[in-house]
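Trainee: Please take me through a close look at one part of this model: the surroundings of the ligand. I would like one connected account.

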Amino acid sequence: MSSVTGFYIPPISFFGEGALEEAADFIKGRDYVRALIVTDPGIVKIGLSDKVKAMLEARGLTVAVYDQTQPNPNIANVIAGLKELKANNSEIVVSIGGGSAHDNAKAIALLATNGGEIGDYEGVNRSKKPSLPLFAINTTAGTASELTRFTIISNEEKKVKMAIIDNNVTPAVAINDPTTMYGLPPSLTAATGLDALTHCIEAYVSIAANPITDACALKGIDLITESLIAAYKDGKDKKARTDMCYAEYLAGMAFNNASLGYVHAIAHQLGGFYHLPHGVCNAVLLPHVQQFNTACPKAKARLGEIATHLGAKDATSEAAIEVLHQFNRAMNIPRNLNELGVKPEDFEILAENAMEDACHLTNPVQFKKEEVIAILKQAYEY
Ligand SMILES: NC(=O)c1ccc[n+]([C@@H]2O[C@H](COP(=O)([O-])OP(=O)(O)OC[C@H]3O[C@@H](n4cnc5c(N)ncnc54)[C@H](O)[C@@H]3O)[C@@H](O)[C@H]2O)c1
Ligand SMILES: [Fe+2]
């Protein structure tokens, strides 16, 4: 195995109030004339899709819109968006939303230049050509999909989520303007914020962690500890929302390079099987998977380091895990998998599929199928 470490992030990112306008000016400066916006019905409803469309049109661009991305986007969403892109001869893609809109846009922009079907690119670096330039306007904090080289597309027929990990899907520009998040409802603030926390923790205990990803993960945890519950309680809290933009971006830098672990490997299966929200699945699984990870002494020690960043008094893995349960309670996350509607008779197939998900490869402990079932059982009965 090579000892070389790569570090991957978009070449340009804009943060802060006014980042939207900055991005629109940047696009105009590059002389692009035809854009496809990829978004979802929720973003249309809050008027953000029309707002961005108007901003681009005011700068001379012709703008087409694909706005039917569904949560946990599927192959049909990719095909329909690509059809729209081709009909309008779009040169760039502008995604607006959370992970679902960005992932759909990434798949569309990849197929536009590489051809074929999205399933052809499942796995690591399977494409040959750069995607169309993607400008990712992020509205949740969040998956960090606006900066990552991951795109997750559901195969509804097989009831699984495909992970496409490819440097070519990294957006050209990532945009985090907190004004787009002031109206994000508390339940979505909690779910997406706890997804970001999961990214930090899985990256910190990952076997591929390095000093850069460690720094990102720990600072991300600090900001989340300081600001997530504040943003949950008051969505218009400017400082909390701004902190969460930076926190989820730091979390993204960490996991984009150190990868993830069994929380995501299992959560992807729950999302694919029952159409459950990604962040909620992660939040419910996170303390239980970390408890099983303490079987690895190094991971146990690292969880102890995380504890103080989470605001615990003791620097122990037990204290860290207890804070994770407290966060879930403070933000009304369902207590267990039973409350999420997961069925014990599905544990076997869920565990089998989780073992196939590339995210588990960097988990500090490689669990056997029976152990994954034991995690599911514990998270169900908790
Ligand atoms: N590519 C990656 O690196 C990566 C990483 C983690 C997760 N994911 C994927 O991301 C998806 C989940 O993304 P998500 O959690 O961001 O949610 P989402 O994109 O599915 O959005 C959930 C809902 O929130 C609404 N919404 C989004 N922003 C809003 C705002 N500012 N105000 C009001 N409503 C808003 C949307 O309209 C939608 O109805 C999953 O499919 C998951 O697998 C991808
Ligand atoms: Fe995630």
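Mentor: Start with composition. The shell around ligand 1 holds 10 nonpolar, 19 polar and 3 charged residues. Nonpolar here means Ala, Val, Leu, Ile, Met, Phe, Trp, Tyr, Cys and Pro; charged means Asp, Glu, Lys and Arg; the others, Gly among them, are polar. This is a predicted model, in which local features need pLDDT of at least 70 and side-chain atom pairs count only at pLDDT 80 or more, while totals for chains, interfaces and linings use all residues. Residues are numbered from 1 along each chain as its sequence is written, and chains are lettered from A and ligands numbered from 1 in the order in which they are written.

In total, 32 residues surround ligand 1. A residue counts as near if its C-beta atom, placed from the backbone, lies within 6 Å. The closest are Gly42, Gly98, Gly99, Ser100 and Thr148. Two or more residues each come from α2 (41-45), α5 (99-114), β7, α6 (186-205) and α10 (278-293). Helices (H or I, at least four residues) and strands (E, at least two) are DSSP runs, numbered from the N terminus. Helix α5 gives the largest share, 4 residues.

Now the placement. The protein is assigned domain 1 (12-180) and domain 2 (186-381); such bounds come from an automatic or database domain assignment. Both domains give residues to the shell, so ligand 1 lies between them. Their C-alpha centres are 25 Å apart. Two residues are in contact if their C-beta atoms, placed from the backbone, lie within 7 Å.

Strands pair if DSSP finds at least two bridges between them. β5 runs parallel to β8 over 2 bridges, and Gly123 has Ile164 as its bridge partner in β8.

Back to α5, where Ala101 is found. Ala101 is buried, with 33 other C-beta atoms within 10 Å. Buried means 20 or more other C-beta atoms within 10 Å of a residue's own; exposed means 12 or fewer, and partly exposed lies in between, with C-beta atoms placed from the backbone. Beyond its neighbours within four places in sequence, Ala101 contacts Val38, Thr39, Asp40, Ile43, Thr69, Ser95 and Ile96.

Val38 has Ser95 as its bridge partner in β4. Strand β2 (residues 34-38) joins β4 (residues 92-97) by 4 bridges, running parallel. On β3 (residues 62-66), 5 bridges join β2, again parallel; there, Arg34 stands opposite Thr62. Of the 5 residues of β2, 4 are buried, so the strand is largely enclosed by the rest of the structure.

Finally, the record. UniProt (unreviewed entry) places "domain: Fe-containing alcohol dehydrogenase-like C-terminal" at residues 189-380. UniProt positions use the numbering here, feature names are shortened, and annotations may be inferred rather than shown by experiment. That span is 72% helix and 0% strand.
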